[in-house]
Amino acid sequence: MKIAVASEGNIVTAHFGYCENFNVFETENNKIISSESVPSPGHKPGFLPKFLHEMGVNVIISGGMGAGAIEIFNENNIQVITGASGKAEDIVKKYLEGEIEISGDACREPGHHDGHGH
């Protein structure tokens, strides 16, 4: 399974669409077997879910994400987890141990009601 974490360096970003990079973790038997940092190709509505799908990502983890992006990830059979914070690798380990609830809720912060995939 491949898990991508929208990040600023090694830290989970609060705003998916404007992340600096994706930390992508290859996992097997609930353990991380490899990881790489992939620079974000930039924010274009609808692009990032397809970009990550083509990389073979199964799960995306972010601090926050707009409803439009969540919908496109769901269409691409990628599980969305929002509300995460902290170090990307720590979050992935918690996810693999079943300690993170699957939320998939859109950003509800003020100013994030424009639906263009934050």
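Setting aside neighbours within four places in sequence, Lys-2 is in contact with Val-24, Phe-25, Glu-26, Met-55, Gly-56, Val-57, Asn-58 and Val-59. Keep in mind as you look around that this is a predicted model.

Where does Lys-2 lie? You will find Lys-2 in strand β1. Lys-2 is buried, yet Lys-2 has no salt bridge. The nearest side chain of opposite charge belongs to Glu-26, and that side chain is 4.3 Å away. A salt bridge needs a side-chain nitrogen of Lys or Arg within 4 Å of a carboxyl oxygen of Asp or Glu. What does the side chain of Lys-2 have beside it, then? A polar atom of that side chain lies 2.8 Å from the backbone oxygen of Met-55.

Now for the aromatic rings. The structure holds three aromatic pairs, and two of them are set out here.

| Pair | Centre to centre | Angle between planes | Kind |
|---|---|---|---|
| Phe-16 and Phe-22 | 6.0 Å | 55° | tilted |
| Phe-16 and Phe-73 | 5.4 Å | 75° | edge-to-face |

Phe-16 lies in the loop between β2 (11–12) and β3 (21–28), while Phe-73 sits in helix α2, so their pair ties together parts that are 57 residues apart in sequence. Through ring pairs, Phe-16, Phe-22 and Phe-73 are linked into a cluster.

How confident is the prediction? The protein chain averages a pLDDT of 87, and 85% of the residues score at least 70. In one stretch, residues 108–118, the pLDDT is below 50. Beyond near neighbours in sequence, residues 108–118 have 20 contacts in the model. Where pLDDT is low, the predicted coordinates should not be read in detail.

Which strand has the highest confidence? That is strand β1 (residues 2–8), at a mean of 98, whereas confidence is lowest in helix α2 (residues 67–75), at 91. Both elements have come up already: Lys-2 lies in strand β1, and Phe-73 is in helix α2.

Terms used:
Residues are numbered from 1 along each chain as its sequence is written. This is a predicted model: local features need pLDDT of at least 70, side-chain atom pairs count only at pLDDT 80 or more; totals for chains, interfaces and linings use all residues. Side-chain values use heavy atoms; hydrogens and water are left out. pLDDT is the predictor's confidence in each residue, from 0 to 100. Helices (H or I, at least four residues) and strands (E, at least two) are DSSP runs, numbered from the N terminus. Contact means heavy atoms within 4.5 Å. Buried means under 20% relative accessible area, exposed over 50%, partly exposed in between (1.4 Å probe, protein chains only). Lys and Arg count as positive and Asp and Glu as negative; His and the chain ends are not counted. A polar contact is a pair of N or O atoms within 3.5 Å; within protein, one must be able to donate a hydrogen and the other to accept it, and residues adjacent in sequence count only if both atoms are side-chain atoms. Rings of Phe, Tyr and Trp (its six-membered ring) pair if their centres lie within 6.5 Å; planes under 30 degrees apart count as stacked, over 60 as edge-to-face and the rest as tilted.
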